[in-house]
Amino acid sequence: MKLSVTTEGLSKRFGKVEALREITFSVPEAELFGLIGADGAGKTTLFRILATLLLPDAGKASLLGLDTVFSYRAIRTRIGYMPGRFSLYQDLSVEENLNFFATVFGTTVEKNYELIRDIYDQLEPFRKRRAGQLSGGMKQKLALCCALVHRPELLLLDEPTTGVDAVSRQEFWQMLGRLKQQGITILVSTPYMDEASLCDRVAFMQDGRILAIDTPAGITGLFRKPLFAIRAREKHRLINELRTFEHASSAYAFGNSVHYTDLRLSPEPRELTAWLKSKGFEDIDVLRIEPGIEDTFMALMESARPQEEHLGG
Amino acid sequence: MAEQVIHTEKLTKRFGNFTAVDEISFSVSSGEIFGFLGANGAGKTTAMKMLTGLLAPTSGSAIVAGFDVYRQTETIKRNIGYMSQRFSLYDDLTPRENIRFFGGIYGLDKVTIRDKCNHMLESLDLVREGDTQLSALPLGWKQKLAFSVALLHEPKLVFLDEPTGGVDPVTRRRFWDLIYQAASNGVTVFVTTHYMDEAEYCDRVSIMVDGKIAALDTPEELKRSFGAATMNDVFIRLARPAKRSGE
């Protein structure tokens, strides 16, 4: 198996902040690999080191078999990098931006048009518009086109869907699926847990560390406690009361229900229902459910950061 | 019927030939958590600018916190709270300095500011960090502080523009605890988000498509009438046919 990305003990510190702490992982060719984590987890620092824009303090990384420190020039022509902050030229048109990036990489838009066709088709009606005047979703599509215009073997996408609406997010991920089919390796970060399940494998990051790394199914397999979806009227009171239950481990709002975990091995739904009734709740529905990616990530976060409550976080 | 904190009728904003907000009419009741959703470019930001007194409408009417959006914009600004992920607190000031600064902006007197400052730091469990530069604090704490600062002058209505963007799932939920708490104290909450699970936490939700309000109801009723399992499905069904995705 050919590896597109490998890192070993990658660390980076900014003053007192340890942005990355001994990050070791690898991504095989043509994999869609997700980095999941909140702001401040270290995702962007990792991307910048991989994109050869930042030197690590310790450890090493190689992309497409090339070392990020010694072979940065060779790497830059073979990868596409889309930074988290929109970094195209706002005062150039859609067309001008695309031509500019093609020229920088010594190619033309026509030469690799096949690769960007289905994304560019959606931008075509706005090709004369300045990039700064596009909506969030369209800006992201243009940025992806610009990152693809030199036919890179590896794409580094730093939070491409942050601040983008649900429809555009869905379209964006469909595009990533098609690019992967063409053999392009994709490393993508996101704060949206639902997007994690669309990756081949994901790494959960927090405080500069990787908490877990596995397939989406493997990740949810890490969740051990029995999980219940509980519904009743007065949702806010429901959450607060559940947290006071003597056997409660956690209670969080989750869409239209509350996800509840118990400290015991096999608690009875009937007992929970009875307890809630005694607290004056109506229309109670308690259902044992399988955990999702978000449940698992939250459980991993809590166990990795037990002092958080004390700190008031 | 509960008091209406926001009431608009055919509120419209045109920029040249382009109608950004197209005759929207809706009301928000006192103490309600109102979700204001829409695709990028649907007109949410323009609508919010009109409601917060930052942009004059082209036509239609709106009363916000009891004041008129044409004639009483300054009074509106004094009577609402506002927080967004982009504009919130000063990173190079401490929590205490931020509270003092915003208290001054809202015209509170020194004694009130001092009392509120101590009370706020205590209730947020930030007493020890009161004199630490804000940039050194985790994002989740900053957001909690920003929310409390938006409520510093005890407004009846607070606008939250994507308040939870980019934070981890645990912090996001803790933030919603604060929203619920504010609402139970009678504060009306007007909130935008791209997280569709958060739409479920609202009392009512409106979804803007191409400048118009395409749907407005409780999450339960919206899901029922669209035969959808989640708010994400409702949103995608409504927003996908939008014509304006490029704007």
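Let us start with two neighbouring helices: B:Gly140, B:Gln143, B:Lys144 and B:Phe147 in helix 5 of chain B meet B:Thr171, B:Arg174, B:Phe175 and B:Leu178 in helix 6 of chain B. To meet here is to be in contact, with C-beta atoms, placed from the backbone, within 7 Å. Helices are DSSP runs of H or I with at least four residues, strands are runs of E with at least two, and both are numbered from the N terminus. By class, this helix contact has three nonpolar, three polar and two charged residues. Here Ala, Val, Leu, Ile, Met, Phe, Trp, Tyr, Cys and Pro count as nonpolar, Asp, Glu, Lys and Arg as charged, and the others, Gly among them, as polar.

Before going on, a word about what you are viewing: this is a predicted model, in which local features need pLDDT of at least 70 and side-chain atom pairs count only at pLDDT 80 or more, while totals for chains, interfaces and linings use all residues. Residues are numbered from 1 along each chain as its sequence is written, and chains are lettered from A and ligands numbered from 1 in the order in which they are written.

How do the two helices lie? The axes of helix 5 and helix 6 of chain B come within 10 Å and cross at roughly 15°. Such axes are lines fitted to C-alpha atoms, for helices over the stretch in contact, and angles run from 0 to 180 degrees between N-to-C directions. Helix 5 and helix 6 of chain B are therefore roughly parallel to each other (angles under 35 degrees count as roughly parallel).

Now look at the loops on either side of helix 5 of chain B. B:Asp125 sits in the loop between helix 4 (110-123) and helix 5 of chain B, and its phi is near 60°, a positive value in a residue other than glycine. Most residues other than glycine have a negative phi. B:Glu154, in the loop between helix 5 and strand 7 (157-161) of chain B, also has a positive phi, near 55°. B:Asp125 is partly exposed, with 15 other C-beta atoms within 10 Å, while B:Glu154 counts as exposed, with 12 C-beta neighbours inside 10 Å. A residue is buried if 20 or more other C-beta atoms lie within 10 Å of its own, exposed if 12 or fewer, and partly exposed in between.

Next comes the meeting of the chains, where 36 residues of chain B are in contact with 33 residues of chain A. Helix 5 (139-150), helix 6 (169-184), helix 7 (196-199) and helix 9 (231-239) of chain B each supply at least two residues of the side that touches chain A. Helix 6 of chain B gives the largest share, seven residues. The residues on this side of chain B divide into 17 nonpolar, twelve polar and seven charged.

Buried residues make up 44% of its 313 residues. Helix 1 (residues 43-50) of chain A is largely enclosed by the rest of the structure, because seven of its eight residues are buried. Among them are A:Leu46, A:Phe47 and A:Ile49. Just after helix 1 of chain A, A:Thr52 takes a positive phi of about 65°.

Key. Angles under 35 degrees count as roughly parallel, over 145 as roughly antiparallel, 65 to 115 as roughly perpendicular and the rest as oblique.
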